[in-house]
Amino acid sequence: MAKNLLIVESPAKAKTIERILGEDFEVKSCYGHIRDLEKQDMGIDIKNNYKPSYIVPEEKQKVVKELKSLAKKSGEVWLATDEDREGEAISWHLCEVLGLDPKTTKRIVFHEITKPAILAAVQKPRTVDMNLVNAQQARRILDRIVGFELSPVLWRKMSMKNNLSAGRVQSVAVRIIAEREREINAFTPVSTFKIEASFTSKDISGKNVVFSAEGKKFSQEAGAQEFLNSCINAKYSVTDIQVKPGKKSPAAPFTTSTLQQEASRKLGYSVSRTMLLAQKLYESGKITYMRTDSVSLSETAMDNLKAEISSKFGNKYYQHRAFKNKNESAQEAHEAIRPTYMENMTVDDADCRRLYELIWKRTMASQMADAELEKTTAVIQISSNKEELKATGEVLKFDGFLKVYREDRDDDDITEDEQQDDMLPPLTVNQQLPLVEMRATERFSRPLPRYTEASLVKKLEELGIGRPSTYAPTISTILKRGYVEKRDKEGVIRHFRILKLKDNAVNKLTEQETTGAEKSKLFPTDLGLVVTDFLKQYFDDIMDYHFTARIEAEFDEVANGNLKWNNMIDEFYTPFKKDVDNTIENAERISGERELGTDPVTGKKVIARMGRYGPMVQIGEQNDEEKPKFAKLKNTQSIETINLDEAMELFRLPRNLGLFEGNEVAVNIGRFGPYIAHDKLFYSLGKEFDPYTIGFEEATPIIVEKRAAKQQRTIKVFEKEKIQLLRGPYGPYIKQGLRNYKIPKEKQEHVEGLELAEIKAIIEEVKANPPKRVPRKKKSS
């Protein structure tokens, strides 16, 4: 047996480190957190200074048992969990469960899994840092309190089929998305007419080239028309040329949030996918630790970069840079995300390759020289009205860091007027320029774009909400809870006007463009909007950006040893609990109701509201003699924006399409989506079919196809008992009503011969001894 036992979070990390340390160490994984707060009574003793009560969950019992056994046989136990607060907490929990003393147990940390870093860490062990543990514990306890206290308030005040939940950071993240959505819905585009002229001039080879120059904008078509009319028969001459040097500097090396943003923009990765691949790269020793808010690089890394840049591109491409964090709470002791060995330009793993190469390029660029530019601006005067046009061009004189990498930007950061400056042909002062044409093109102002996962992370970081380890889980939670959805939005056709001056005549054209198309953006659901409004009304502190950022700053104070964790929790809990009790007692139930108008046929009120199964429209009220009619909203519709005409269109269902085999074919939408009804049977409709437009000719083949598939699946049917014996992808099974029951293996071979009594016995056996659900493994933190 090995002399030393070293415990890490993940098996992949364990394998890499064991190869480095050799025979003196046995390296084992604890597979992430081994303890969590009990579910009962919150797992927190509020009256006893918020004392937490931890348990080892069932799925971790086997791991803990193995580690206990190994710890007893080992000469010494070392802890090498990740270097952040989550990692520190895991080390402390290991001490508690394995009976180790946190004051004496050796704890090692490292930014990268390389031989020099691991061996250096073993030479300088420390003990568990209880300040970091307490900061993580404070976050876990406070978030548990908020979740356990707020969620029941939502259950009581809102009728929904699913249990609702609220959380300290997730609710604020939903608010950010909801407010952006409302800004977009309230936005009214304003049009202006932008002047742009095209001229010809000879380039250095004597060939005529076309270049453009811009003039001023007009708010009305009449002003643009008058300007173009005044340019008829005009002469155009260059009155001034200015040439100015410029430069572009590289971005800092990646932090967690900038890596998430750039991987989204350049590679199209979700935040969770980026973190999954980054963790894989870290654990295999390819990059440094991937949860960091620091932009610093170690001296060793800087030396390696200097050597690598000089050898690959020459000394003129190297420029030493020391980046500083803009974020005051950043932990400068950590290091930016970078490759462990800069000489490795790529990795073998196909999944990780693109992300690794992105990290390599960004790190290289961060220590490279500025790109040198030359910007030329030519002023062109119009003889007939003395107005001026400006032509700009840009020439790259030295590529510098651009040889390796160019940073992308979010839609939010790109202004309407930005455009790429092309090169200008050689021009001289007083040169006369022939006009090709001049246009006044109608352009519309745009609202800020909806958030992507990456731009939401950027916003959270700007507001000081969350930390590198919390961004990905926060986004996953709000998507999973149904408060936000990630989807595409189709654009709509919009017409715009163009006034064109050519050959001394002004003509008016109308063209069209597609506007408003968006891809993989975050949209608040109606549920998210209604819950956000409720929480803002009754829990303004929890939903306040500054308050949430202040709580994060207090966690940092706990981590630095300047604040006691239970004092911090107490200051939060007392006023929060009063708000909870007051809301339960006095707040009205939430429906998110919005009146749309009256039904033109019955004269009854039409409202859009949240129902038990989601957003819906309703004709009539509960206290009317006749029961109200209900219709579910389409996925692309919202309570906040649907109008009366769109609502009435939803009541066209069910639609009768005609007779097939002597029975009516109808289309409708139910709890589980759109379906076709025929001969007392129901067939679900795929997403490619719209229940409002599908015709008889499209519906009948679906019935025939799905009926045949069902017949192939069906072994036996007992109609009276509503029991079916069916074939599934994993073997035969029993279906009674909506529930499925697994058939024991020994009876699967002769399933056709099963009688009703045997089937009932199997159902009762499964009910009495339900199969244990296999829990998903928690990701290591």
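# Sheets, helices and a salt bridge

Visitor: At about what angle does helix H20 run to E30?
Guide: Helix H20 (residues 756-768) lies across E27, strand E28 (723-728), E29 and E30, where contact means heavy atoms within 4.5 Å. Helices (H or I, at least four residues) and strands (E, at least two) are DSSP runs, numbered from the N terminus. Axes are lines fitted to C-alpha atoms, for helices over the stretch in contact, and angles run from 0 to 180 degrees between N-to-C directions. Relative to E30, H20 runs at about 95°.

Visitor: What pLDDT do local features need in this model?
Guide: Residues are numbered from 1 along each chain as its sequence is written, and side-chain values use heavy atoms, with hydrogens and water left out. The model is predicted: totals for chains, interfaces and linings use all residues, side-chain atom pairs count only at pLDDT 80 or more, and local features need pLDDT of at least 70.

Visitor: Which strands stand at the edges of the open sheet of four strands?
Guide: The order is E27-E28-E29-E30, with antiparallel pairing; two strands pair if DSSP finds at least two bridges between them. Neighbouring strands are turned by 25° against each other on average, direction ignored. One side is left without a neighbour in the sheet where a strand has a single partner, so the edges are strand E27 (714-718) and strand E30 (739-742).

Visitor: Which residue in E30 is the bridge partner of glutamine 736?
Guide: Strand E29 (residues 731-736) runs antiparallel to E30, and four bridges join them. The partner of glutamine 736 is arginine 739.

Visitor: In what sense do strand E1 and strand E7 pair?
Guide: Leucine 6 has tryptophan 78 in E7 as its bridge partner. Over four bridges, E1 (residues 4-8) and E7 (residues 76-79) pair in a sense that is parallel.

Visitor: How is H9 oriented to H11?
Guide: Helix H9 (residues 271-283) packs on helix H11 (residues 350-366) at about 85°, with their axes 10 Å apart. Leu277 and Leu281 are among the H9 residues that meet H11, where Leu355 and Ile359 are among the partners. Angles under 35 degrees count as roughly parallel, over 145 as roughly antiparallel, 65 to 115 as roughly perpendicular and the rest as oblique. H9 is therefore, relative to H11, roughly perpendicular.

Visitor: How many residues apart in sequence are the parts tied together by arginine 168 and aspartate 143?
Guide: These side chains meet in a salt bridge (2.6 Å, N to O), defined as a side-chain nitrogen of Lys or Arg within 4 Å of a carboxyl oxygen of Asp or Glu. Arginine 168 lies in helix H6 (residues 168-186) and aspartate 143 in helix H5 (residues 130-157), so the separation of the parts, in residues, is 25.
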